[in-house]
Amino acid sequence: MSNTDILRSKINLETAAYPWSELLRHFASGTVLVVQPGLDLVEVAFHMAEDHADVISALLEHGQMGKVSDEQAQAWLEQDAQHWTVVVKPWILVQERQK
């Protein structure tokens, strides 16, 4: 198994579902990034962990990843939304769970 495979496996094992209400303090500190549905959360986290700035820049530029807006945070709180999460310090990546 390559180092790349090991890192991907490690990231995959560190994903977890959390209610948005438990992530609010991280949102308030500006460390939460939302990954749009349809993207592989583990792959995005892998690119961040490996500091693939070109990939991350493209995701940000195309609106496929970004900071959570105040309006979105409020809506998720009202919906008692659950998110898939993974930490890539200093960031917490969140992705809406598909129903």
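The crossing of helix 1 and helix 3 is right-handed; a crossing is right-handed if the near helix is turned clockwise from the far one by less than a right angle, and left-handed if anticlockwise. A word on the source. This is a predicted model, where local features need pLDDT of at least 70 and side-chain atom pairs count only at pLDDT 80 or more, while totals for chains, interfaces and linings use all residues. Residues are numbered from 1 along each chain as its sequence is written, and side-chain values use heavy atoms, without hydrogens or water. Helices (H or I, at least four residues) and strands (E, at least two) are DSSP runs, numbered from the N terminus.

Back to the pair. Helix 1 and helix 3 pack at about 120°, axes 9 Å apart. The axes are lines fitted to C-alpha atoms over the stretch in contact, and angles run from 0 to 180 degrees between N-to-C directions. That angle makes helix 1 oblique to helix 3. Under 35 degrees would be roughly parallel, over 145 roughly antiparallel, 65 to 115 roughly perpendicular; the rest is oblique.

Who meets whom? From helix 1, Thr4, Leu7, Arg8, Ile11 and Asn12; from helix 3, Val42, Glu43, Ala45, Phe46 and Ala49. Contact means heavy atoms within 4.5 Å.

Now helix 3 itself, residues 41-49. It is mostly covered, with 7 of its 9 residues buried. Buried is under 20% relative accessible area, exposed over 50%, partly exposed in between, with a 1.4 Å probe and protein chains only. The buried residues are Leu41, Val42, Val44, Ala45, Phe46, His47 and Met48. Their cover includes helix 1, helix 4 and strands 2, 3, 4 and 5.

The ends next. Aspartate 40 caps the N-terminal end of helix 3, with a side-chain oxygen 2.9 Å from the backbone nitrogen of valine 42. Just after the helix, aspartate 51 takes a positive phi of about 60°.

Histidine 83 lies in strand 4. At 0% relative accessibility, histidine 83 is buried. Beyond four places in sequence, histidine 83 touches residues including Trp20, Trp76 and Gln95.

Glutamine 95 sits in strand 5. Glutamine 95 is also buried, at 9%. The backbone oxygen of leucine 39 lies 2.8 Å from a polar atom of the glutamine 95 side chain.

Note on methods:
A polar contact is a pair of N or O atoms within 3.5 Å; within protein, one must be able to donate a hydrogen and the other to accept it, and residues adjacent in sequence count only if both atoms are side-chain atoms.
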